[in-house]
Amino acid sequence: MKPKEKILESSFALFREKGFQATGIAEILERAGAYKKTLYDHFKSKDDIGFEYLNYLSEQQRIVMLKVLGKANDMSDFIDKWVNFIVRNQRNTSRKDCPIALFSGEISHLNQFDSYRNRAVQHVLETVEICILKFEPNLRSDLVKSLSYELYMSYLGGLRLYALTKDRKVIERMKSQMIHSAQRLVKV
């Protein structure tokens, strides 16, 4: 693995485990087995690594959704499989929540991240639109956008509440709300 990849991999793991603010450059370098000069050969600052992390998170979300999309029979099945995948992934991490929302909340006071955060969210919303259009190719574009927002908001809110309560019923409510939103808008 190249030094830049080691630094990114180590940074991303530490951001997931501890959070962006609690992760120091020294920790990143130690975990990556790299020198400060090597880090600064590739990145101007830890913020630059954070920008890369947001891009990575949104691309991972896209990969997951498109993988699930390939196995789904209809919109309800897609939502069911997507939520089930998310829940399985939540079991493997101590920081339960949407990774983009978790990271974005932590850096919300840092203005230099605004455009990167907005781009990451837009990337996910566009992916949700792709998923909707697979099953509803004739749905008006305004309804596709509206449904995309509703599904993503339900996902974010449901995961946040699940992270707070650890109550499995929250996930089932999130899933049923998402399916209801899809059915309601598709009928319009």
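**A walk through the core and the cysteines**

Hi everyone! The protein has a mean pLDDT of 92, and 97% of its residues reach 70 or more. Do keep in mind that this is a predicted model. Confidence is lowest in helix 6, with a mean of 88, and highest in helix 7, at 96.

Let's go inside. The largest nonpolar core holds 59 residues. Which residues have the most contacts inside this core? They are Ile49, Phe78, Ile79, Trp82 and Phe103. Several helices give two or more residues to the core, among them helix 1 (3–18), helix 2 (25–32), helix 5 (75–90) and helix 9 (168–187). Helix 4 gives the most, with 9 residues. As background, in soluble globular proteins, nonpolar side chains tend to be buried together.

Now please find Phe103 on the screen. Leaving out residues up to four places away in sequence, Phe103 touches Phe15, Phe20, Gly50, Tyr53, Leu54, Leu57 and Phe113.

Next, the cysteines. How many disulfides does the structure hold? The count is 0. Take cysteine 98: its nearest cysteine sulfur belongs to cysteine 131 and lies 15 Å away. A disulfide needs the two sulfur atoms within 2.5 Å, so cysteine 98 is in no disulfide. Cysteine 131 is in no disulfide either, and its nearest cysteine sulfur is that of cysteine 98.

Are these two cysteines buried or exposed? Cysteine 98 has a relative accessible area of 0%, so cysteine 98 is buried. Cysteine 131 also counts as buried, because its relative accessibility is 0%.

Definitions and conventions
Residues are numbered from 1 along each chain as its sequence is written. This is a predicted model: local features need pLDDT of at least 70, side-chain atom pairs count only at pLDDT 80 or more; totals for chains, interfaces and linings use all residues. Side-chain values use heavy atoms; hydrogens and water are left out. A nonpolar core is a set of buried Ala, Val, Leu, Ile, Met, Phe, Trp, Tyr and Cys residues joined through side-chain atoms within 4.5 Å. Buried means under 20% relative accessible area, exposed over 50%, partly exposed in between (1.4 Å probe, protein chains only). Helices (H or I, at least four residues) and strands (E, at least two) are DSSP runs, numbered from the N terminus. Contact means heavy atoms within 4.5 Å. pLDDT is the predictor's confidence in each residue, from 0 to 100.
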